[in-house]
Every structure is written in C-alpha cells, then in structure tokens.
Amino acid sequence: MSDLRVEPLKVLVVTGGHPFELEPFLAMFSANPDIDWTHVQPPEAREWFRASHVGEWDAIVCYDMQGFILKEGARTYAEGVTFEEPPAEYAEGLIAMLEAGQGMVFLHHAMSAWPRWPLWAEIVGGRWHYFPGELHGRQWPSSGYTREVSHRITPIDPNHPICAGVEEGFEIVDEIYLNPIFEDQIVPLLRSDFEMKSENFYSGELSVQGRLYESDGWTHPEGSGIVGWVKTAGSSPIVYLQSGHGPAAYANPGYRRLLANSIRWVASPEAHQWATEHPTLLAT
C-alpha cells in the first residue's frame, strides 16, 4: 500500500494594531496539525500583500487592526489617536491579490481596521464605526461592544463545510459587536443568541474618548445576530468570524473548529471555484 501524505496548508497569520494575548492566540495555530503557519506583523506584514505572492500561502488569516497612529506621548487610543489611510502600495497589492484569488480569513477586530479606507469594509463584509458616519447612503451611530459575555453560536447552514463538527452549535464566552453588516453581500453561516439591542452594548465612540464600558446617550439599530459568514472579494473566497477577543475564545473547542474549518475552506478548490463564479468588483 502506498504511503499517501497530505502536505500541511501554508498559512500566514497577521496580527498587530490591537492589544491581545499573543501566546494563547498562537496556540490555536500550533494545535492544528493540518497547517504550517508563519506569524507576521505590520509594517513587515504588508510586504506579503502583493499579487506576486498569490499562491505562496494557501490561506491568510488577518487578526490585525491597522489604520491607527498614536499621537506622540500617547500610550492608549484614548490618550490620542489619528486614523490613517493605507499606504498606496499596500492597498494596491491587497486589491491585486484578491482579484487574483487569495483565500483569506478575517477574525474579530480585523473588522475594525482601516476606518478611513471604505474598501476595507467591502472586503470584510461590514464596518465597525468609531464615530458616527455614513455608510452605503445611511447615517450610522458609532458601533457597540460588550464585555466578555456568555452566548450561544448556532449554524445557519449546518451543511456548509465551515460548520462541520459544530452543527448543533456551542457556548462561548467572548466580546460581541453591534455594527452594520452588508447582509446583501454575504452568505450568513453563524448566528448568536445574544440580544442585539443597544441597551446590551457599550459605545465605541465613548471608548475612544477613554470612557470604557459606558453608553450614556448612545443608541444603535438592533442587529441581526449574524456572527459569521462567507463572501467574495474580487475572485477570492473570504470568511469572517466575529468571535475571537481573548483566551476564553481561543481555547474554546467550537471556535477552534470554526477557525480550522475556515482555513481549510478558503484554501479548497471548491471555495476558489465558487469565488470565481461569484466575483465581487473591488471599486477603489
């Protein structure tokens, strides 16, 4: 009998721009025997986002939150931060990569990156607002967040490969977002049973002002509870998982299964075929 070995998937893991506990986060990737992963952070990580690198990674996992510069002397966002647009070379390289077909998985606060670059929201499938603003012709308040709370995640489509092994759902302790999602552009896969009303969340705008876990005078439209989806960007398969704030989520078996499935799916021929058949125009 021949000894058939499947080569591990090559995965690029990008972090940076948001505080998190590195060791337990990376432990999720170390625990996955099906991948060979490399960890990078910006600005060096940006060098990988070029069309010439398409195919070098089976999947790219983004857990970064770029687009912020702390003012001189500031130690936290609340002490002073400015928002920046992405360097042209990075933006052009990412767009070229997506048009060429690069499977990508975005996790949790990656939704919040590049707040001054509208295309980022189109790539990921939603926008987390630090301040009130217009999106798709509608005015939105700043977005909301919770403390780490217990809630149940249930598949909307339990037959999708990303939901394999978690078909019955699972409990998780994690931070949850309340923000606009482009539901007409995504294929929803996962829903939370947490009540997505503004009274259950804190104001993102107040948090930037240093008023953490406050919501005085803030309100937000009710959310759908969708916390995971697939979509396309250019000719690339995209996954977004809203979960993943801290060690409690990193260690959760259900979340680890979703992450492993997402990596495997965006790297698969089936996902790339689907993305080719359902391309999304990346208007700059």
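This is a predicted model: local features need pLDDT of at least 70, side-chain atom pairs count only at pLDDT 80 or more; totals for chains, interfaces and linings use all residues.

Reply: Start with one pair of residues. Proline 188 stands opposite tryptophan 229 in E15. Strand E13 (residues 187-192) and strand E15 (residues 226-233) run antiparallel, with four bridges between them.

Now widen the view. E13 and E15 belong to an open sheet of nine strands. The order is E2-E1-E3-E6-E16-E15-E13-E10-E11, and the pairing is mixed. Strand E2 (35-40) and strand E11 (170-174) are at the edges. Each has a single partner strand, so one side of each has no neighbour in the sheet. On average, neighbouring strands are turned by 25 degrees against each other, direction ignored.

Three bridges join E13 to E10, and the two run antiparallel. Within that pairing, proline 155 has leucine 190 in E13 as its bridge partner.

Two helices come next. Helix H2 (residues 88-100) lies across strand E3 (59-64), strand E6 (104-107), E15 and strand E16 (236-241). H2 runs at about 110 degrees to E16. Helix H6 (residues 253-266) also packs on the sheet. H6 touches strand E1 (9-16), E2, E3, E6, E11, E13, E15 and E16. The direction of H6 makes about 170 degrees with that of E16.

What lines the largest cavity? The residues are Ile153, Leu190, Val227, Leu241, Gln242, Ser243, Tyr255 and Leu258. The space inside is about 30 Å³. With a cut-off of 30 Å³ or more, the count is one cavity.

The loop between E2 and E3 holds proline 43. A cis peptide bond joins proline 42 and proline 43, with omega about 5 degrees. The loop between E6 and H3 holds histidine 108. Its phi is near 45 degrees, a positive value in a residue other than glycine. For context, most residues other than glycine have a negative phi, and most peptide bonds are trans.

A second open sheet has three strands, in the order E12-E9-E14, with antiparallel pairing. Strand E12 (177-178) and strand E14 (202-203) are at its edges. Each has a single partner strand, so one side of each is left without a neighbour in the sheet. Strand E9 (residues 144-145) is joined to E14 by two bridges. In that pairing, glycine 144 stands opposite serine 203.

Finish with the rings. The structure holds 24 aromatic pairs. One of them is tryptophan 128 with tyrosine 177, a tilted pair. The centres are 5.8 Å apart, and the planes make 55 degrees. This pair links distant parts of the chain, 49 residues apart. Tryptophan 128 is in the loop between helix H3 (118-124) and strand E7 (133-135), while tyrosine 177 is in strand E12.

Technical notes: Residues are numbered from 1 along each chain as its sequence is written. Side-chain values use heavy atoms; hydrogens and water are left out. Two strands pair if DSSP finds at least two bridges between them. Axes are lines fitted to C-alpha atoms, for helices over the stretch in contact, and angles run from 0 to 180 degrees between N-to-C directions. Contact means heavy atoms within 4.5 Å. On a 1 Å grid over the protein atoms alone, a cavity is a set of points where a 1.4 Å probe fits but cannot get out, and a pocket is an open set with protein on both sides within 12 Å along at least five of seven lines; lining residues have an atom within 4 Å of a point. Grid points are joined across faces, edges and corners, and a volume is the space filled by probe spheres set on the points. Rings of Phe, Tyr and Trp (its six-membered ring) pair if their centres lie within 6.5 Å; planes under 30 degrees apart count as stacked, over 60 as edge-to-face and the rest as tilted.
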